[in-house]
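Please walk me through the backbone of this model in the viewer. I would like to know what to select at each stop and what is there.

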Amino acid sequence: MAKLPLCAAGIAATFTIHLIAAAADDGVLLKQAQEIFRPLPKDMGSAEFPVTAERVQLGRSLFFDPRLTIDANMSCSSCHQPAFYGTDALPKPTGVKQRPHPRHVPTNLNAGTSFVIHWRGDRTNLEDQVFQALTSPITSGQPDEKAVIDRLARIPGYAPLFKAAFPDETQPMTLRNIATAVGAYERTLVTPSPFDSYLAGNQEALPQAARAGLEKFINTGCVACHNGVGIGGGMYRKFGVVEDYWKATGSDPIDKGRFDVTKDPADLYVFRVASLRNVAMTPPYFHDGSVATLPEAVKVMARLQLGVTLNDADTRDIMVFLESLTGELPANFAAAPVLPSAAVAPAK
């Protein structure tokens with residue numbers, strides 16, 4: 001067998017050593033990631049809020065149905081649009097009667113992984129969010145539970161769906177059951193991404209550039225808040241640890257955050273940490289939609305929360321990693337259902 005020239009053999013040996021070292025580094029990075037993050041579950045059901053086929057079917061119809069609101073012209077999907085990955089692409093949305101929302105719409109995709117709902121944590125879970133929205137002057141305009149139920153009762157197609165979803169109840173059409181059904185539907189809106197395959201052990205699911213971005217995301221300190229299954233959504237944090245947030249974002253007005261809910265001075269400018277799932281698809285950013293692009297948002301967060309000034313190259317690497325968090329839209333969200341008919345069946 002012919003022998004390689006000494007110089008060629010040396011180059012080959014060096015190349016092999018580099019490959020082994022790179023593989024070892026990749027293995028260390030994967031182990032780090034598996035300790036910090038968690039892959040998405042099949043759904044976000046719980047013992048308290050189980051996901052059943054009947055509740056999901058009902059909840060999906062209610063989610064897309066505008067007839068629950070005061071003028072029958074807006075639904076949950078008006079703000080949580082499939083085309084914009086569960087947001088509306090606006091800094092702040094407009095509700096019924098052209099009433100303005102005070103804060104940016106967070107995506108409802110994977111929202112069940114967050115420990116509270118809404119930026120200030122004034123909704124404890126998905127079901128609580130729906131329950132309160134049903135009689136909110138901004139999202140519904142309906143004055144009370146009776147007005148909502150009267151509206152639904154005039155749509156005969158809903159009665160059998162409620163009976164199937166809540167078979168043990170004499171009067172299943174209630175505000176609480178509407179919230180439970182919509183919550184069950186939203187708990188199915190899971191978007192597994194290439195990053196989830198990576199966490200499962202498939203290192204090739206992330207290209208090398210995304211792995212480089214992941215390493216910088218970890219080493220920069222982003223994971224102090226953006227961790228777990230949602231890559232965020234698991235805690236409260238003050239926005240503007242190093243300097244006032246509005247100086248970097250140009251926010252006007254200045255939102256006091258959770259302080260307005262608790263009146264505790266320790267909660268001044270405190271917000272729920274956003275989940276970064278599908279973040280590349282959900283601009284603009286932050287509680288007030290004050291930052292238009294993801295690269296700018298990444299730089300703002302590094303500066304305000306960590307005191308780090310990211311250069312363009314580091315920002316691009318982190319961006320590639322964040323793009324690996326984009327998953328496919330669930331089929332039961334990507335297209336709206338045919339809604340229950342309000343027509344009365346002919347007498348037999």
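**Backbone stops**

Begin by selecting Pro284, which lies in the loop between strand S2 (270–272) and helix H12 (294–306). The model is predicted, and the angles below are read from its coordinates. For orientation, most residues other than glycine have a negative phi, and most peptide bonds are trans.

Stay in the loop between S2 and H12 and select Asn278. Asn278 is not a glycine, yet its phi is positive, at about 60°. Is Asn278 buried or exposed? Its relative accessible area is 0%, so Asn278 is buried, the cut-off being under 20%.

Next, select Asp252 and Pro253, which are joined by a cis peptide bond with omega of about 5°. To place Pro253, show helix H10 (245–249) and helix H11 (259–262); the residue sits in the loop between them.

For the last stop, go to the loop between helix H2 (53–64) and helix H3 (76–79) and select Ala72. Here, too, phi is positive in a residue other than glycine: the value for Ala72 is near 55°. With a surface shown, how does Ala72 count in terms of accessibility? Ala72 has 34% relative accessibility, between the 20% and 50% cut-offs, and therefore counts as partly exposed.

For the positive phi values, select Ala72 and Asn278.

Notes
Residues numbered from 1 in each chain as written. Predicted model: local features only at pLDDT ≥ 70, side-chain atom pairs only at ≥ 80, totals over all residues. Heavy atoms only, no water. Helix = DSSP H or I, 4+ residues; strand = E, 2+ residues; numbered from the N terminus. Buried < 20%, exposed > 50% of the residue type's maximum accessible area, 1.4 Å probe, protein only.
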